[in-house]
Amino acid sequence: MENSRAIHLLRWFCPPHLLEEIEGDLLQKFEKDVENFGDRRARRRLVWNTVRYFRPGIVLRNDFDVSLNSMYMFRNYFKVASRVMVRNKSFSLINIFGLTLGLSGALLLFLWIVNEFSYDRFHADKERIYTVWNRDVHQGQIECSNHTPRVLSPTLRTEFAAVEAVASFAAWEKPYLLTHNENKLMNKDGVFVDADFLSILSFPLLKGDAASALSEPSSIVLTETLAKKLFGDKEALGEEITLKADGYTIPFTITGILHDLPANTDFRFEYLLPWRFIELNFGEDTFWGNNSVITLVKLKAGVDSEQFAVQIKDLKKKNRQEETAELFLHPITKNRLYSKFENGVQSGGRIEIIRMLGILGVCLILIACINYVNLSTARAQKRSKEVGIRKVNGAHRPSIILQFLCESVLIAILAGIVSLGIVYIALPAFGTLVQQPLGFAVADLNFWIGIAFVILFIGILAGGYPAFYLSAFNPVRILKGAPITSSGRNVLRQVLVVFQFGFAITLIVSVIVVHKQIGYVQNRDAGYAKDGLIYQPLSGDLLANYQAYKNELLSSGASLSVTKSGSPITEVWSGTTEIRWRGKDPNTKIAIERFDVDGDIVATAGLTLLEGRDISLTEYPSDSTAVLLNETAMKAMSFTEPIGEIIVDDGVEYHVVGVVKDFVLTSPYQKIAPMVLQGPAPGRNLFEIVHIKLNPNLRVQDNLKLIASLNSKYNPDFPFEYEFVDLEYKRKFADLETTLTITGIFSSMAICIACLGLLGLSTFMIESRVKEIGIRKVLGASVTGITRLLCWHSIRPISLAVLIFSPVAWWAMNWWLQSFDYRIEMSFGYIVLSALALILLAIVTVVGQTIHAAGRNPVNSLRSE
């Protein structure tokens, strides 16, 4: 029994490669002890002798020896790999360059994508925070909007026990003048929120209490940067500042200082004001049809959001008889990437761009790996004898595979190091391009572990096929001088190149189509004269002094025409489905955009009158209830003779005095919506903007100088701030232009890597046909003929890529164009142009090498024969 226990103990701790020898020695000694001391005492001695072997020199010898041997083995592999790289400098540099390009591009895109996914995910209890959306039927289509009635917030707070906190959020477009002593600051980045706002979202306070900071109507919360602008290094908490706008001055007490908002949030503000201030001074908004705020709701822990969504679905209908809209919840973590709805169903959004660029990043790495495979197999003939000699000297195939994998991993490591340097340098510029501050998480260990894993994976992915391919060579055939031939592997290399250039042609087509789409929309007739048109906020005393200000603008010669409006001509700040007219189906809802004006809008903005006249209060005093329709609104209302027709909006009867040609007020990519340009009806003081048509006979600087002096006269507390309409209109194309730039940059990188892959295939082809070229020259073939033959061999897979991937490129870009109402038509010429550009680039890549090969002396290539 003791003998069995001792042997079991030995087998438990003894390394396998020492077990047989030690166990034999112990059993041999046991047999002698039985003869000398008897069986019982011999068993005790066996146990003792076994225990004596339980020491680090025995127990750890296996792990230590294996790790030591592994260390020496890998050191030897990497030493050989480094020597191979030094001996084949051009091959190594091309491989490192290709992998560096792929890694750099993919890492830049990866950092941007990670940042996109981080938006508003830092809030505590983010899985319980939602925005409430509207879903309603307009002209047979289900449309969704994230703007809801103000009254929804207090209703949810008082009537639903599942709600832990709820807040309205409304940005204030008009700038306030913030004043503390002599410090004055114009700022329009303020928002009105409920007191629960800071309890719902995790915007930490440097000073103050989040639960009570917005509980009083005279309280205000500033960001750290805004507080420093007003107070410098002085203590701001508890101090009083005044806000001035529209002729009134209001004191507020600072009850909180926020950390500056993180870059990865879609909420943008510099100060917070309580909704109680609006309600105490202007009354409560209890109208369920006024969708003017964003509603944030935080549910209690354990509440089923789907059940709660069912409870609030018909809340608007219950509180307003004519209401048809439904409410639903949308997680705050999806607001950034999943905010697109089609016919009432979530159908993507910004995530589509993320997916597209994510695929681009993955393909950059795959193309770089394919590039390595092609270049490695191109050198197979050169390294075949090395493999043969290694096998003859006793090397097993696994060790040869490991050797080649070490070479690819070493190249990947070098490429990774260079890529990190390139990305570090390029990241600020790339961050500026995507308008997001991007950076390395240098202190995050997981980031570096992830980078190491990616580099190792790329090294194995790139070197896997060459390692197994090269290690499979038969040493006998190789050392006899037999050539390396494998039609199956040749086909694989051709397929890889087809994939590379198929992806390349898809990218080229996409760049051309995006460029054409941008140009097409930029050249679209905006419907108004953008040049020489500016606008400024109607702030401070300007509203009260507007008529005098307007008169002096005209008399000074700085302006040809002036008008005030409810929003800039480049934006929509108001819309409704409540307008009624003769013959309207009461069961049909039509979304109509509002543009409040006081007159002379046609002259100031350069609109085109199709029927009737402009609104003019000086000539027609009754024009306070006049309205202009755009073409789309006239058609939607089915007016054949619109002049004199009556429309009713918010209880006011407006009479139609004219019809203007459609003009672009919002997105230039979409269809123009029905719009009414309403006169200044009594009780509707909704003017926020002054539009000024500059005098073209004076220099722009002189016009602006005159206007600034008049602004100082009639609105002395507020600085003259203005925007050029043509520049504002141009900003509408910024996102698409950014997409074009990103696609162009990374497409160029992908095409460059693909050309390196083509170079690898060309190298392999020429090396394998050296003797054939020599024989052809001896038989009288010309350099031109041989060059044409070799070029065709390289161009053939590219032609196949064009045939296979052109339909894919066509489908992808046609699908992308469907997201625009105003778009170009896909043309076969885009495919032809892309194919010609790609083939020309491929010819330039290989022609120099093929001419050099065709011009070699055949004596040198046939000498071994």
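Reader: What makes Leu280 count as exposed or buried in this model?

Author: Leu280, which sits in helix H10 (residues 275-282), has a relative accessibility of 57% and therefore counts as exposed, since buried means under 20% relative accessible area, exposed over 50%, and partly exposed in between, with a 1.4 Å probe and protein chains only. Its C-alpha atom is separated by 7.8 Å from that of Pro217, 63 residues apart along the chain. The model is predicted, so local features need pLDDT of at least 70 and side-chain atom pairs count only at pLDDT 80 or more, while totals for chains, interfaces and linings use all residues. Residues are numbered from 1 along each chain as its sequence is written, and side-chain values use heavy atoms, with hydrogens and water left out.

Reader: Why is Glu728 called buried?

Author: The relative accessible area of Glu728 is 16%, and the residue is therefore buried under the cut-off of 20%. Glu728 is found in helix H23 (residues 725-730), where a helix is a DSSP run of H or I with at least four residues, a strand is an E run of at least two, and both are numbered from the N terminus. Not counting residues up to four places away in sequence, Glu728 touches Tyr535, Thr570, Glu571 and Glu723, a contact being heavy atoms within 4.5 Å.

Reader: What makes H19 roughly parallel or roughly antiparallel to H22?

Author: The axes of helix H19 (residues 546-555) and helix H22 (residues 700-714) come within 10 Å and cross at roughly 155°, these axes being lines fitted to C-alpha atoms over the stretch in contact, with angles from 0 to 180 degrees between N-to-C directions. H19 is therefore roughly antiparallel to H22, because angles over 145 degrees count as roughly antiparallel, under 35 as roughly parallel, 65 to 115 as roughly perpendicular and the rest as oblique. The contact is made by Ala548, Tyr549, Glu552 and Leu553 of H19 with Ile707, Leu710, Asn711, Lys713 and Tyr714 of H22.
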